[in-house]
Amino acid sequence: VLYKKYGVKDRKSGKKDNMKIHYRIQGKEIEIVRCFGTDRSVRVPEVIDGMPVTKVSAYAFSARKDREEKDIFLCESEEAVLFGQEEHLLAGWEIEEVRLPNTLKEIGNYIFYGCKKLRRLEFSDSLTQIGSGAFTGCSGLKELHVHMLAGEKSCVKEILGDLWQRI
């Protein structure tokens, strides 16, 4: 496991992220595999080690993932070294809000499977590929915030199609 540090500060609250991120390098892009932290709000960084974060893998935020990945790298926020024992897997019932970066293009199958307390999701129109069953078991999702950067097309239609039984 290769170790990297990053620092992200929330523009509104000024609060720093306290997370450890497991990721893979795919060419010159980053794929997020899992996140660990102390907060129920997750903000995926736009860049790790100078490479854009463009994908979040299948079951990344699901507590029902069969096995953990091998051959991954670890990226840790500057504040993460302070939380030690309090850290937990940010998945399933542990997350309420997820903010995906403007660089993200794809989310994997069942990424939010069983995330019953997920109530808010924020992303941009660069996200164009949604894995099947991405929102299975997300009965608490109430807010979608979409940043229309290119202004042409977004994946909102696909997300609403996946959520149709719960709206």
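## An aromatic cluster

In this predicted model, three tyrosines, Tyr59, Tyr110 and Tyr113, come together as one aromatic cluster. Across the protein, the count of aromatic pairs comes to 6.

Tyrosine 59 counts as partly exposed because its relative accessibility is 28%. Tyrosine 113 has a relative accessible area of 24%, so it is partly exposed as well.

## A stacked pair of phenylalanines

Now look at phenylalanine 61 and phenylalanine 112. Their rings form a stacked aromatic pair, 5.5 Å centre to centre and with 5 degrees between the planes. Phenylalanine 61 is in the loop between β6 and β7, and phenylalanine 112 is in the loop between β10 and β11, so this pair ties together parts that lie 51 residues apart in sequence.

Are these two phenylalanines buried or exposed? Phenylalanine 61 has 0% relative accessibility and therefore counts as buried. Phenylalanine 112 is buried too, because its relative accessibility is also 0%.

## The nonpolar core

Both phenylalanines turn up again in the largest nonpolar core, which has 35 residues. Phe61 and Phe112 are among the residues with the most contacts inside this core, together with Ile32, Leu100, Ile107 and Phe135. Several elements contribute: β2 (19-26), β3 (29-37), β6, β11 (120-124) and α1 (156-163) each supply at least two core residues.

Which residues is isoleucine 32 in contact with, leaving aside its neighbours within four places in sequence? They are Ile21, His22, Tyr23, Val44, Ile48, Val53, Lys55, Val56, Ser57 and Ala60.

## How confident is the prediction?

The mean pLDDT of the protein is 82, and 80% of its residues reach 70 or more. Among the elements, strand β6 (residues 51-56) has the highest mean pLDDT, at 97. At the other end is strand β1 (residues 3-6), whose mean of 44 is the lowest. Over residues 1-14 the pLDDT is below 50, though in the model this stretch has 39 contacts beyond near neighbours in sequence.

Terms used:
Residues numbered from 1 in each chain as written. Predicted model: local features only at pLDDT ≥ 70, side-chain atom pairs only at ≥ 80, totals over all residues. Heavy atoms only, no water. pLDDT = per-residue confidence, 0-100. Helix = DSSP H or I, 4+ residues; strand = E, 2+ residues; numbered from the N terminus. Contact = heavy atoms within 4.5 Å. Core = buried A, V, L, I, M, F, W, Y, C linked by side-chain atoms within 4.5 Å. Buried < 20%, exposed > 50% of the residue type's maximum accessible area, 1.4 Å probe, protein only. Phe/Tyr/Trp six-rings, centres within 6.5 Å; stacked < 30°, edge-to-face > 60°.
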